[in-house]
Amino acid sequence: MTDVNRAPARQWLASLENLGRHPTAKFTFKRDGINHDGFVILFEGRVFGYENRCRHIPITIDYGDNRFFTGDGKSLVCQTHGAMYDPVTGLCFQGPCKGSSLFPLKVEVEDGNVYLVQDGV
Ligand code: FES
């Protein structure tokens, strides 16, 4: 049972300064007692967070090397079979999981830092 009185959990993910140098950062977060991989991106001045799990096969999108963007920096790409995702919506618009979306994560920016926010953790 979820404790509705519990404050949302907040986890530091990255600094905006570092995302300005390299636009992605990986992290691990816990949900329902299980560790999950996530990543956060800085794209066109906005920050977005997603679970690091392709919607084609449940494996990470990167090869563990923190590379998520296509060469032109306009799309996210699964390194295994090349599914391409919109960085803003997480929608797969090309590849084997076309029409599916990455699982979004709630992120907040405060004082130059990016945090993951989870309810009822
Ligand atoms: S596992 Fe991502 S496109 Fe195949």
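**View 1. Arg10 over the ring of Tyr115.** In this predicted model, the charged end of Arg10 sits over the Tyr115 ring. The distance to the ring centre is 3.8 Å. A charge sits over a ring if NZ of Lys or CZ of Arg is within 6 Å of the ring centre and within 35 degrees of the ring normal. Residues are numbered from 1 along each chain as its sequence is written, and side-chain values use heavy atoms, with hydrogens and water left out. Local features need pLDDT of at least 70 and side-chain atom pairs count only at pLDDT 80 or more, while totals for chains, interfaces and linings use all residues.

**View 2. The stacked pair Phe39 and Phe68.** The structure holds 4 aromatic pairs. One of them joins Phe39 and Phe68, stacked at 4.0 Å centre to centre with 10° between the planes. Rings of Phe, Tyr and Trp (its six-membered ring) pair if their centres lie within 6.5 Å; planes under 30 degrees apart count as stacked, over 60 as edge-to-face and the rest as tilted. The pair links distant parts of the chain, 29 residues apart. Phe39 belongs to strand 3 (residues 34–43). Phe68 lies in the loop between strand 4 (46–51) and strand 5 (76–77). Helices (H or I, at least four residues) and strands (E, at least two) are DSSP runs, numbered from the N terminus. Both Phe39 and Phe68 are buried. Buried means under 20% relative accessible area, exposed over 50%, partly exposed in between (1.4 Å probe, protein chains only).

**View 3. The stacked pair Phe43 and Phe69.** Phe43 and Phe69 are also an aromatic pair, stacked, with 6.0 Å centre to centre and 20° between the planes. Phe43 lies in strand 3 and Phe69 in the loop between strand 4 and strand 5, so the pair ties together parts 26 residues apart in sequence. Phe43 counts as buried at 10% relative accessibility. Phe69 is buried too, with a relative accessible area of 17%.

**View 4. The aromatic cluster of Phe39, Tyr50 and Phe68.** Phe39, Tyr50 and Phe68 form one aromatic cluster. Phe39 and Phe68 are the stacked pair at 4.0 Å.

**View 5. The chain around these sites.** The protein chain has 1 helix and 10 strands. From the N terminus on, the order is β-α-β-β-β-β-β-β-β-β-β. The C-alpha trace spans about 40 × 35 × 20 Å along its principal axes. Of the 121 residues, 39% are buried. Among contacts (heavy atoms within 4.5 Å) between residues at least 6 apart in sequence, 47% join residues at least 24 apart.
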